[in-house]
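Let's take a walk through a protein model together. Keep the sequence beside you as we go.

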Amino acid sequence: SLVGPSRNDQKKTKVKKKTSNPQFNEIFYFEVTRSSSYTRKSQFQVEEEDIEKLEIRIDLWNNGNLVQDIFLGEIKVPVNVLRNDSSHQAWYLLQPRDNGNKSSKTDDLGSLRLNICYTEDYVLPSEYYGPLKTLLLKSPDVQPISASAAYILGEICRDKNDAVLPLVRLLLHHDKLVPFATAVAELDLKDTQDANTIFRGNSLATRCLDEMMKIVGGHYLKVTLKPILDEICESSKSCEIDPIKLKEGDNVENNKENLRYYVDKLFSTIVKSSMSCPTVMCDTFYSLRQMATQRFPNDPHVQYSAVSSFVFLRFFAVAVVSPHTFHLRPHHPDPQTVRTLTLISKTIQTLGSWGSLSKSKSSFKETFMCEFFKMFQEEGYIIAVKKFLDEISSTETKESSGTSEPVHLKEGEMYKRAQGRTRIGKKNFKKRWFCLTSRELTYHKQPGKDAIYTIPVKNILAVEKLEESSFNKKNMFQVIHMEKPLYVQANNCVEANEWIDVLCRVSRCNQNRLSFYHPSAYLNGNWLCCLETSENALGCKPCTAGVPADIQIDIDEDRETERIYSLFTLSLLKLQKMEEACGTIAVYQGPQKEPDDYSNFVIEDSVTTFKTIQQIKSIIEKLDEPHEKYRKKRSSSAKYGSKENPIVGKTS
C-alpha cells in the first residue's frame with residue numbers, strides 16, 4: 001500500500017502456493033502526486049509536505065484458503081527516504097504489526113527483498129514547455145510519421161511503455177491521438193503480410209491504443225463488466241472443465257453449465273454496449289477498419305478482425321482476466337476465481353475474434369476447450385459480433401471524407417406519416433421500405449427502388465418515442481432532424497425499440513444533438529404535450545438517449561511534457577546514434593551489408609528525421625538551463641546547516 005494522511009492505495013500479489021520461500025516478481029506502480037485520479041480543477045491537490053508523510057507499507061499474509069488469512073509481518077518504508085536514492089534495493093526484516101507496544105525484542109518473522117524505484121519530476125512553469133509541446137503535437141501531420149518527434153521518442157526509449165503513457169495523455173488532451181495512432185498503425189500494416197496476424201504485435205501503435213483504451217475506457221468497462229465480474233468473484237460456483245484439474249466430487253457437466261451461463265451473460269452485455277463505447281475509441285476503430293480494408297481489399301473479414309483484435313483481445317479479454325488492474329475489483333482474485341476468469345476470458349476472446357467464428361475449427365489447443373466452444377458455434381453469435389463491431393466502428397464523429405463505403409445497418413417495412421408540405425394535403429400514413437446505413441436514413445416505395453426521402457445521419461438531432469395519444473397509434477417514434485420531425489410507426493414494440501436504438505447509436509456523436517424534445521406531435525397550431533404554439537419551441541422533456549459516456553479526463557500537460565523531456569534527456573545517446581544513422585543513410589545509398597547500430601531504427605526519410613532530431617536536441621538544450629538552475633537552488637537549500645535549513649540544537 002501507499003499510505004498517507006488522505007490516501008490508502010492498495011495492490012495485491014498473486015498467491016504463491018506450497019512454499020515458505022516465495023518469489024513474487026511482480027511490479028506495482030503508484031503515482032505519488034496523482035492521488036488516485038485527477039481533480040475536477042485540473043490541479044494536483046497534494047502539497048509538497050504531504051509527501052513527507054507518505055510511506056510504502058508491505059504486509060505479508062498466509063493465504064488461509066477456506067479460513068481467514070493469517071498476518072505474518074509488515075515492512076514500512078517512508079517515501080522521504082527514497083527521494084535521495086532513485087533505485088533502492090534491499091532486504092528488510094519483517095516486523096510485527098505496530099500496536100503501540102514497544103517491545104525491545106522481536107521474533108524472527110523472516111525477511112523480504114524489495115526493489116523500489118522512485119522518480120521525481122520538477123515541473124517548470126508552462127511557458128518553458130511551449131516549444132517541446134508544439135513539436136510533439138505536430139507529430140500526426142509529419143510525413144512520414146516515422147520522422148515525427150513522438151515516433152522518435154518511442155524509437156529511442158529503452159522501454160517503449162515509459163514513452164507511451166505521457167505521450168498518449170498529451171495527445172489525448174489536444175485531440176491529436178486518433179490521427180497519430182492511425183498514422184503509426186498504417187506503418188504497422190505495411191509490414192503485415194497475413195491478414196490473420198493484423199495488429200497482433202507489440203508495436204508503438206498497439207501500445208498507444210492499449211493505453212488510450214485504459215485511460216478513456218475505464219468508465220465503459222465499469223458500466224459493462226463490473227456487475228457481472230462482482231457476481232463471479234463473490235460467488236463460489238466451480239467452472240473448471242479440464243478433467244485433469246477437477247476436484248473430487250466436481251461434476252464437469254454442472255461446471256460447463258456454470259461457465260456457459262457466465263460467458264453468455266458477459267457476451268450479451270458486451271455486444272449490447274456500443275452506446276457506451278467512448279467516442280475516441282469509435283473514431284480509432286473507424287480508422288483501423290478503413291485502413292485494413294485498403295491493405296487487404298480481397299479479405300471480407302479483415303475489416304472486423306482489425307477492430308476485434310483491439311476491443312476483444314486487448315480490452316475486454318484483458319479486463320476480464322485481471323479486473324484489479326482496471327480498478328474493477330479491489331484486489332487480485334483468489335486462485336479458483338482466477339481460473340474461472342481465465343476460462344471466460346479465453347472464450348470471450350475467441351467469440352470476439354471474427355476469424356475463429358467464421359471458421360468451423362476453433363483456435364483452442366486444449367481438447368476440453370474445443371468441446372466447450374462447440375456450444376457457441378451458432379449463427380446468432382456471429383451476427384451479434386458483426387453487429388457490435390459495425391456499431392462501434394462504422395461512423396466517424398468528424399465530417400466524413402465520403403471516400404469510404406457506407407455500412408448497411410438496418411432495413412424493414414414501416415409506416416410513416418406524410419410530411420404534409422401543403423396546408424390542404426391530407427397527412428395520412430403510408431407504408432414504406434426504410435433503409436439505414438452509416439451515412440443516411442432513406443425510405444422507398446418498395447425494396448430496391450430509388451429513395452423517395454433521405455435524411456443524412458449527421459443531420460439527426462434526436463430519436464425518441466412518440467406518445468400514443470398523438471395519432472391514436474401504438475409503437476410510434478420520431479426522428480427529429482434539421483427539417484420537420486419524421487413520425488414513424490413500427491409493426492410492434494420490439495421493432496420500434498430496435499430502430500430507436502440503432503438510430504441513436506449511429507447519430508450519437510452528432511454535434512447539435514438536442515437535450516430536450518417534445519414527446520407529442522405538433523397538431524392544429526400547438527404542441528400537444530406542452531401546448532406551446534411556436535413550432536420551433538424548445539422541447540419540454542429531457543432526451544432519453546444521452547451523449548456517449550465520455551468522461552472528461554483532466555490532464556496536467558506540463559507534467560506530461562516534463563516526463564517526455566526527462567525521457568529525451570535519458571536517451572540522448574540513442575538520439576545521437578539515430579542522428580548519425582540519418583547522416584550515414586543520406587550519404588551512403590548502397591545495400592546494407594550487415595546489421596549495425598542503426599538497423600534497429602525505423603528511418604524512412606533520413607533528411608526529415610534528421611531535421612526533427614536537430615529540433616529535439618535544440619529544445620532539450622534550452623530546457624536543460626532552467627532545470628540546472630533549479631537543481632542547484634534545491635541542493636543548496638536542502639543542505640543541512642545552510643541558511644535555508646539551519647541545524648536544530650538539542651533542547652534542555
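We will visit a helix, a pair of strands and some aromatic rings. This is a predicted model, in which local features need pLDDT of at least 70 and side-chain atom pairs count only at pLDDT 80 or more, while totals for chains, interfaces and linings use all residues. Residues are numbered from 1 along each chain as its sequence is written, and side-chain values use heavy atoms, leaving out hydrogens and water.

Start at helix α10, residues 252-271. Helices (H or I, at least four residues) and strands (E, at least two) are DSSP runs, numbered from the N terminus. Buried residues of α10 (buried: under 20% relative accessible area, 1.4 Å probe, protein chains only) include Leu259, Tyr262, Val263 and Leu266. An α-helix has 3.6 residues a turn, so residues three or four places apart point the same way. The buried residues of α10 pack against several helices, among them α12 (302-321) and α16 (379-393).

Next, look at strand β6, residues 111-117.

Finally, find the rings. Rings of Phe, Tyr and Trp (its six-membered ring) pair if their centres lie within 6.5 Å; planes under 30 degrees apart count as stacked, over 60 as edge-to-face and the rest as tilted. The structure holds 19 aromatic pairs. Phenylalanine 434 and tyrosine 443 form a tilted one, 5.4 Å centre to centre with 50° between the planes. Phenylalanine 434 is buried at 1% relative accessible area, and tyrosine 443 is buried at 4%.

Terms used: Expected span 1.5 Å × (residues − 1). Buried < 20%, exposed > 50% of the residue type's maximum accessible area, 1.4 Å probe, protein only. Contact = heavy atoms within 4.5 Å.
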